[in-house]
Amino acid sequence: MDLRDKVALVTGASSGIGAATALAMAKAGMRVAIVARRADRLAELREVIRTTGGTAHAITCDMAVAGHAAGLLSEVESALGPVDVVFANAGYGLELTVAETSTEQLRRLFEVNVFAATDLLSEAARRLRASGRRGHLLMCSSCIARYALPRVGVYAAAKAAQLSICQAMRAELEGAGIMVSSVHPIATETEFYPQMQSASGRELAAGEKFPLVPDHAPRLFVQSPDVVARAVVKCLRSPRPEVWTSFSARLAGAVFALSPRLHHMVMRRSQRRERRN
Ligand SMILES: NC(=O)c1ccc[n+]([C@@H]2O[C@H](COP(=O)([O-])OP(=O)(O)OC[C@H]3O[C@@H](n4cnc5c(N)ncnc54)[C@H](OP(=O)(O)O)[C@@H]3O)[C@@H](O)[C@H]2O)c1
């Protein structure tokens, strides 16, 4: 896809991966609609994009509240023109065992990560099909879409759901010239981890650490949001079904899919090590 003057909508653009990707898209010549709850952060990013000669339109929206998709797309169409690219990136995690997770926490996590993202991509697909235009729709999943880890099982399930939705939509929309890609970052240095702590509703015990926190995850599995942003823009230029930013994480997914027993052994070892520490 020639990206110049194409219109993109990025959710979760007030920080982290979404902000970095919106900026990278703008630098590639795209006109970008940026969506999140924090209006002040969106205004800052809009200014950064404008000072680099780009075009940005900010929309404040809580994706946990259902029924936003049509309104969001219509607002972007009015401000910037028909939408060519959607990156459904807004999301957050929980660091709780499955049994510790309340039904309300479970529902809200799926509402933001899965239902809102699916609604948005579906509405964008309907509009692209109706107008006969080509487009590219993406969701920000995770490397743990392919292998759940203890204490992030509910989050991993939401990311696995996103992967499945993208796989199905890609096949369903293929004849319409609409590409669908899932994005699978490894641990990325963003506000994700403090947000996860607050959404989980509990303080860490002395010496306790989150799983996969960039501070103590092996450096091999930690990256900056700019790495993801560059990979997403590359995927728009040269479309591919899945965007992985770590070969090791991708390989682990393939190996664990072939051998659930190995996954169980590795998880058991890491849990024992954690208990000892
Ligand atoms: N960081 C990682 O290690 C990592 C790894 C794999 C996948 N991911 C995925 O990457 C995506 C982006 O996360 P990040 O790492 O960039 O974390 P982040 O810095 O916390 O960014 C999350 C973004 O989502 C937005 N958001 C959260 N809840 C929302 C809601 N109810 N309505 C609207 N926007 C909402 C936040 O904006 P507001 O708070 O302003 O609304 C923020 O812009 C997420 O889907 C996450 O699951 C992250």
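Which backbone atom lies 2.7 Å from a nitrogen atom of the ligand? In this predicted model, a backbone N or O atom of Met63 lies at that distance from the ligand nitrogen.

Around the ligand stand 31 residues, and the closest are Arg37, Met63, Tyr155, Thr190 and Tyr193. Gly12 takes part through its backbone, with a polar atom 3.0 Å from an oxygen atom of the ligand. On its own the ligand has 880 Å² of accessible area, and the protein covers 97% of that area.

The space taken by the ligand is the second largest pocket. Helix H6 provides the largest share of the shell, with 3 residues.

The next topic is charge pairing. Side chains of opposite charge can pair when their charged atoms come close. Counting a side-chain nitrogen of Lys or Arg within 4 Å of a carboxyl oxygen of Asp or Glu, the model has 9 salt bridges.

One of them joins Arg50 and Glu47, with 3.8 Å from N to O. Both residues belong to helix H2 (residues 39–51), where they are 3 residues apart, about one turn of the helix. Arg50 is partly exposed, at 43% relative accessibility. Glu47 is also partly exposed, with a relative accessible area of 39%.

Another salt bridge, between Arg133 and Asp84, has its closest N and O atoms 2.7 Å apart. Arg133 sits in the loop between helix H4 (103–131) and strand S5 (135–140), while Asp84 sits in the loop between helix H3 (69–80) and strand S4 (85–88), so the pair ties together parts that are 49 residues apart in sequence. Asp84 has 10% and counts as buried, because buried means under 20%.

Helix H4 holds a further pair. Arg126 and Glu123 form a salt bridge at 2.9 Å, N to O. The two residues are 3 residues apart within helix H4, about one turn of the helix. Arg126 is exposed, with a relative accessible area of 51%, whereas Glu123 is buried at 14%. The cut-offs explain these labels: 51% is over 50%, so Arg126 is exposed, and 14% is under 20%, so Glu123 is buried. This pair also belongs to a network of salt bridges that links Glu77, Glu123, Arg126 and Arg127.

A last stop is Ser181, a residue of strand S6 (residues 178–184). How does the model class Ser181, buried or exposed? At 0% relative accessibility, Ser181 counts as buried. The side chain of Ser181 makes a contact with the backbone of another residue, reaching the backbone oxygen of Arg240 at 2.7 Å.

Conventions. Residues numbered from 1 in each chain as written. Predicted model: local features only at pLDDT ≥ 70, side-chain atom pairs only at ≥ 80, totals over all residues. Heavy atoms only, no water. Helix = DSSP H or I, 4+ residues; strand = E, 2+ residues; numbered from the N terminus. Buried < 20%, exposed > 50% of the residue type's maximum accessible area, 1.4 Å probe, protein only. Near = heavy atom within 4 Å. Polar contact = N/O pair within 3.5 Å; in protein donor to acceptor, adjacent residues only side chain to side chain. Areas by Shrake-Rupley, 256 points an atom, 1.4 Å probe, with all protein chains shown as cover. 1 Å grid on protein atoms, 1.4 Å probe; cavity = no way out; pocket = protein on both sides within 12 Å on 5 of 7 lines; lining within 4 Å. Sits in = over half its atoms within 2 Å of the grid points.
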